[in-house]
Amino acid sequence: MSAPASPPRTAAALAARERRVKDMLQRIEATVAELRHRHTAVSFQAVARKAGVSRTFLYENPEARKLIETARERGEGAGRPERQHSSEAEVAWRERALNAEDGLKTAHAEIRRQRSRMGQLLGQIRDLEARWSDESVTHLVEQNAQLKQRVQQLSQDQRQMEERLQATRTNNRFQDRRIAQLEAQLLEHTGGS
């Protein structure tokens, strides 16, 4: 059973990538040859700068890495101080690359978490939208209008009750004064006889 054919765009993209990689490998090979011809130390940093490629590509591509490592082994005696300096720089670069990789993994995990949360929230919104048909929305609007009328009626009833309560309190105060006056008059009549 043969592998499924790649779509035309994918095949074209793969072919373009292969051409770019071949071009970069040719530039790396020419740069390594030039550095060796000048008796200059071959380092990842120097090759990356002169060939116009990233150091990441040099480390990750096996052919590129082999070209540089082979050139370094052949030129073992030449340029030892530069080589030591470049290896220290490579160690520092690797450390930074590892830190950047950890940061990138953390960022990707956070992005996945946020996308998952967004998906959940969008699903909840769709569920809510699907739950409310035009009929149910109309029914809810009608119920809301009825409840507003009921609130207005209850507010009016409350105002009337408060007015009655105030009138009753006023009457009670008047009655209390009247009772006090009558008691005073009664005491006067009983005390004077």
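Helices here are DSSP runs (H or I, at least four residues), numbered from the N terminus. This is a predicted model, in which local features need pLDDT of at least 70 and side-chain atom pairs count only at pLDDT 80 or more, while totals for chains, interfaces and linings use all residues. Residues are numbered from 1 along each chain as its sequence is written, and side-chain values use heavy atoms, with hydrogens and water left out.

Q: Which residue just after α1 takes a positive phi?
A: Helix α1 covers residues 8-37. Just after α1, a positive phi of about 60° is taken by His-39.

Q: How far apart are the end C-alpha atoms of helix α1?
A: Helix α1 has 30 residues.

Q: Which residues of α1 are buried?
A: Buried means under 20% relative accessible area, exposed over 50%, and partly exposed in between (1.4 Å probe, protein chains only). In α1, the buried residues are Val-21, Met-24, Leu-25, Ile-28, Thr-31, Val-32 and Leu-35.

Q: Which residue forms a salt bridge with Glu-34?
A: A salt bridge is a side-chain nitrogen of Lys or Arg within 4 Å of a carboxyl oxygen of Asp or Glu. Glu-34 counts as partly exposed, at 34% relative accessibility. The closest N and O atoms of the pair are 3.1 Å apart, and the partner is Arg-38.

Q: In which helix do Glu-69 and Arg-65 both lie?
A: Glu-69 and Arg-65 form a salt bridge, with the closest N and O atoms 3.0 Å apart. Glu-69 is partly exposed at 32%, and Arg-65 is partly exposed at 25%. The two are 4 residues apart, about one turn of the helix, and both lie in α4.

Q: Why are Arg-113 and Glu-110 separated by about one helical turn?
A: An α-helix has 3.6 residues a turn, so residues three or four places apart point the same way. Arg-113 forms a salt bridge with Glu-110, with the closest N and O atoms 2.7 Å apart. Both are partly exposed, Arg-113 at 48% and Glu-110 at 35%. The separation is about one turn because, in helix α5 (residues 80-131), they are apart by 3 residues.

Q: How many salt bridges does the structure hold?
A: Among them are Glu-34 with Arg-38, Glu-69 with Arg-65 and Arg-113 with Glu-110. The number of salt bridges in the structure is 5.

Definitions and conventions:
The expected span of a helix is 1.5 Å times one less than its number of residues.
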